[in-house]
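Please look over the sequence and the structure before reading on.

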Amino acid sequence: MKNYLKLLNFEVNRFFKLYLTLIGLIIVSQVIGAIVVSKGYMNGVDQVMYKKQLSMSQYIKDYGLFSFDHFVISEWFLLPIFFSIAMLMIYVFFIWYRDWFGKNTFIYRLLMLPTERITIYFSKLTTIMLLVLGLVALQMVLISIEMQIVNSIIPTDLQSHFSIYDFDSLEVLDWVYPNTLTEFFLIYGVGLIFVAVLFTAILIERSYGLKGIFIAIVYGMLSFGVFIAPLLLNAFSSGYFYSLEVFLMELVMSIIVLGSAIWIANHLLKYKIRV
């Protein structure tokens with residue numbers, strides 16, 4: 001455990017500067033965006049009311065209320081999120097390949113540490129999940145701040161009701177902010193499995209060279225096939241199984257995919273990747 005925590009701390013620190021940059025990008029873009037979108041909306045309201053000589057109640061009747069969705073679907077909100085997701089996806093590969101192709105081939109120093117080699121795998125996997133969850137937590141805090149900004153610029157009479165806990169109205173965020181604890185474990189559990197399979201595919205490629213690329217692709221396809229097998233079975237049987245039965249089958253398949261990814265990675269680190 002001590003070695004695992006040391007490796008985890010090491011991996012987090014390696015990405016920390018870029019991570020702070022991503023955090024800064026999200027904060028600056030979304031805070032400025034909340035101001036720009038809100039002021040732009042109010043300018044439009046003032047112009048329409050002035051030109052058409054409308055009262056606020058008439059304007060609301062004709063044009064409706066401002067929804068926080070107007071900001072959420074803007075490029076100010078979405079672009080930094082998608083950019084951060086892209087950077088983390090790249091880092092899933094970079095966290096391994098940097099050790100092989102970086103200065104002094106650092107992977108060999110990691111593999112010679114007096115600890116089980118699978119600990120390296122777990123530390124990198126945990127690092128990715130911590131980075132993801134950190135950005136999710138940041139976004140939840142930012143939404144509260146952005147709502148305050150919007151409220152300070154747009155009168156409440158012109159706004160539709162929105163609660164920070166009511167993410168159903170923010171369809172674009174449904175997959176980021178689950179409504180229940182079960183959905184949270186489902187969504188981020190799938191994310192964990194996806195990253196674990198990618199990590200194992202990378203180790204397969206590193207173990208077998210050029211032919212490893214083909215093996216890694218086949219492995220990824222097989223893992224995906226096993227994972228979605230219960231859904232396909234239920235679809236082909238015209239919904240024969242109950243939702244709970246599909247869920248339990250999916251849970252078993254998820255455990256198999258994750259367990260096999262860890263087992264294969266452990267085998268490769270022990271016996272195929274040489275120092």
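Which charged end sits over the ring of W96? In this predicted model, the ring of W96 has the charged end of K124 over it, 5.1 Å from the ring centre. A search of the whole structure finds 11 aromatic pairs, and the points below describe some of the rings concerned.

**A pair within helix α1**
- F15 and Y19 form a tilted aromatic pair, with 6.1 Å from centre to centre and 45° between the planes.
- Both residues belong to helix α1, which covers residues 2-52.
- F15 and Y19 are 4 residues apart, about one turn of the helix.
- F15 and Y19 are both buried.

**A pair between a helix and a loop**
- The ring centres of Y41 and F66 are 4.8 Å apart and their planes stand at 55°, so this pair is tilted.
- Y41 lies in helix α1, whereas F66 lies in the loop between α2 (56-63) and α3 (69-72), so the pair ties together parts that are 25 residues apart in sequence.
- Y41 has a relative accessible area of 16% and is therefore buried, as this value is under 20%.
- F66 also counts as buried, at 2% relative accessibility.

**A cluster of rings and the charges over it**
- W96, W100, Y121, F122 and F199 are linked into a cluster by ring pairs.
- Within this cluster, W96 is the ring over which the charged end of K124 sits.
- W100, another member of the cluster, has R206 over its face, at 5.5 Å from the ring centre.

Note on methods:
Residues numbered from 1 in each chain as written. Predicted model: local features only at pLDDT ≥ 70, side-chain atom pairs only at ≥ 80, totals over all residues. Heavy atoms only, no water. Phe/Tyr/Trp six-rings, centres within 6.5 Å; stacked < 30°, edge-to-face > 60°. Helix = DSSP H or I, 4+ residues; strand = E, 2+ residues; numbered from the N terminus. Buried < 20%, exposed > 50% of the residue type's maximum accessible area, 1.4 Å probe, protein only. Lys NZ or Arg CZ within 6 Å of the ring centre and 35° of its normal.
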